[in-house]
Amino acid sequence: MLFRSYNCTITVVSRSDKNFGSFKGLKNLSLGLLENLNSIVKEQSFDIVIQASPNGMGGKSLFSWPQSLFKKDCLYIESVSSPRWTEFLKGALKSGASYITGKQIFYTQAYAQFLWWESLGHFKKSNLVPEAV
């Protein structure tokens, strides 16, 4: 895992502790519940915050982000692609921080997948357009 080689500390915050099972065995890991987000933000500092919940999808907020989460020297990554400007990204923008939108993630993944499939020869002209009979 990439994080192990960089000796990073990872904090995972979830709505339910049932979601923590896949993180078992990782070192330098802190787990917390969403209901405790305000205290987690007060007690820890972050370099990167990845928003990977459905919060903000379709313009619907399931919960509010504490303003103390947003700091200029942090990178914020949003997984929700619609709407483009979720409350999470608006908080990052307001703080002057760097951010990556959900659409940027989507397009980057699509491009990387295209390059991979192309390297395997799946996008040759003969594969895309059948010869006329």
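**Sheet, helices and a cavity**

Modeller: This is a predicted model. Helix α3 (residues 87–95) lies across β3, β4 and β5, running at about 160° to β4.

Colleague: And what does α4 lie across?

Modeller: Helix α4 lies across β4 and β5, and its angle to β5 is about 55°.

Colleague: What is the strand order in the sheet, and is the pairing parallel or antiparallel?

Modeller: The order is β3-β4-β5, an open sheet of 3 strands with parallel pairing. The edge strands, each pairing on one side only, are β3 (48–51) and β5 (98–100). From one strand to the next the twist averages 15°.

Colleague: How many bridges join β3 to β4?

Modeller: There are 4 bridges between β3 and β4 (residues 75–78). Isoleucine 48 has leucine 75 in β4 as its bridge partner, and isoleucine 50 has isoleucine 77.

Colleague: And over how many bridges do β4 and β5 pair?

Modeller: Strands β4 and β5 pair over 3 bridges, again in the parallel sense. Leucine 75 turns up here too: its bridge partner in β5 is serine 98. So much for the sheet.

Colleague: Back to α4. How many residues does it have, and how far does it reach?

Modeller: Helix α4 (residues 102–119) has 18 residues and reaches 26 Å from first C-alpha to last. That is close to the 26 Å expected at 1.5 Å a residue.

Colleague: Which residue just after α4 takes a positive phi?

Modeller: Glycine 121 does, with a phi of about 85°.

Colleague: Peptide bonds next. Where is there a cis one?

Modeller: A cis peptide bond joins serine 82 and proline 83, with omega at about 5°. Proline 83 sits in the loop between β4 and α3, and α3 is the helix that lies across β3, β4 and β5.

Colleague: Different topic. How many cavities of 30 Å³ or more does a search of the whole structure find?

Modeller: The search finds 1 cavity of 30 Å³ or more. The largest cavity has a volume of about 50 Å³.

Colleague: Which residues line the largest cavity?

Modeller: The lining of the largest cavity consists of Val41, Gln44, Ser45, Phe46, Ser68, Leu69, Lys71, Cys74 and Tyr76.

Colleague: How does that lining split by class?

Modeller: By class, the lining has 5 nonpolar, 3 polar and 1 charged residues.

How values were computed
Residues numbered from 1 in each chain as written. Predicted model: local features only at pLDDT ≥ 70, side-chain atom pairs only at ≥ 80, totals over all residues. Heavy atoms only, no water. Helix = DSSP H or I, 4+ residues; strand = E, 2+ residues; numbered from the N terminus. Expected span 1.5 Å × (residues − 1). Pairing = 2+ DSSP bridges. Axes fitted to C-alpha atoms, helices over the stretch in contact; angles between N-to-C directions. Contact = heavy atoms within 4.5 Å. 1 Å grid on protein atoms, 1.4 Å probe; cavity = no way out; pocket = protein on both sides within 12 Å on 5 of 7 lines; lining within 4 Å. Points joined across faces, edges and corners; volume = space filled by probe spheres on them. Nonpolar A, V, L, I, M, F, W, Y, C, P; charged D, E, K, R; others polar.
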